[in-house]
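Me: I'd like to learn how to read a few features off a fold. Can we go through one together?

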Amino acid sequence: MYLQQDISPSADEAAMASLAYSQWERAQAESMAEYVHRRRTVDLSLLADEVIRDKLTDKEREAVTLHFFDRLSLSQIAERLSVNRATVSRTLERAQEKIRQYLQYVVQYQYNLKNVTFLPLAVREAMVTAAARHRTVGSFAERLVRARECENICPEQLAHCTQIPPARLARLESGEALPDADELLRIACFFGTTTDALLKGESHGTV
């Protein structure tokens, strides 16, 4: 009598397959140089978070959080903190200078340079990536955009890797459409997270 075998993958096999799939897809979307540049920004953003947490004063940390992460203007921050706009500006300048000083040697190491003339740009890119991690999200569209920006991936790369047409991905990111089951699975595999984390924001996952 013929017995049908269960060929469904185990949890470990599924996880390894998902990881291999995402790595293969990413390799098709970017060159090694592009990957290294993208990862440099992501790694620098993680270090920027540490500097903000450990090296800034409470006032500097609050100003940076409100300006870069919550996207408030100087006037809005001044009103929130009951200080004048000039005070906010000076506080932010001191904070940004500290961040640049702590990160400059990392940037020099990353690019193997003695002098880093583009340090402000590198730090600003890192701060944009760091801000994505601190963003409050409540919808699938917001979680999708945050996941992409946390990895410093442009929409075109994500569309290519997940085989979702760019126009369709734009609608998903804007909240004009919800993903079908296949799209959701491909996006979850790419980011190494779960479909529930993408849809509901559940904690087990990277989104």
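Me: Let's start with a pair of helices. Is the crossing of H2 and H3 left-handed or right-handed?

Reply: Keep in mind that this is a predicted model. For handedness, you look at which way the near helix is turned from the far one. Here the crossing of H2 and H3 is left-handed. Helix H2 covers residues 32-54 and helix H3 residues 58-69; their axes come within 9 Å and cross at roughly 140 degrees.

Me: Which residues in H2 and H3 meet?

Reply: On the H2 side you have Asp49, Ile52 and Arg53, and they meet Arg61, Val64 and Phe69 of H3. Sort the residues of that contact by type and you get three nonpolar, three charged and no polar.

Me: What about glutamate 183: is it buried or exposed?

Reply: Relative accessibility is what you read here, and the cut-off for buried is under 20%. Glutamate 183 has 7%, so it counts as buried. Its place is in helix H10, residues 181-191. Leaving out residues up to four places away in sequence, glutamate 183 touches Ile164, Arg168, Leu172 and Leu178.

Me: How many aromatic pairs does the count come to?

Reply: For these, you check the distance between ring centres and then the angle between planes. The count comes to one aromatic pair. Phenylalanine 190 and phenylalanine 191 form it, 5.0 Å centre to centre with 85 degrees between the planes, which makes the pair edge-to-face because the angle is over 60. Phenylalanine 190 is buried at 2% relative accessibility, and phenylalanine 191 is buried too, at 8%.

Me: And how many disulfides does the count come to?

Reply: You look for two cysteine sulfur atoms within 2.5 Å. The count here is zero disulfides. Take cysteine 154: its nearest cysteine sulfur belongs to cysteine 161 and is 9.0 Å away, so cysteine 154 is in no disulfide. Cysteine 154 is partly exposed, with 29% relative accessibility. Cysteine 189, by contrast, is buried, with a relative accessible area of 17%.

Note on methods
Residues numbered from 1 in each chain as written. Predicted model: local features only at pLDDT ≥ 70, side-chain atom pairs only at ≥ 80, totals over all residues. Heavy atoms only, no water. Phe/Tyr/Trp six-rings, centres within 6.5 Å; stacked < 30°, edge-to-face > 60°. Buried < 20%, exposed > 50% of the residue type's maximum accessible area, 1.4 Å probe, protein only. Axes fitted to C-alpha atoms, helices over the stretch in contact; angles between N-to-C directions. Helix = DSSP H or I, 4+ residues; strand = E, 2+ residues; numbered from the N terminus. Contact = heavy atoms within 4.5 Å. Nonpolar A, V, L, I, M, F, W, Y, C, P; charged D, E, K, R; others polar.
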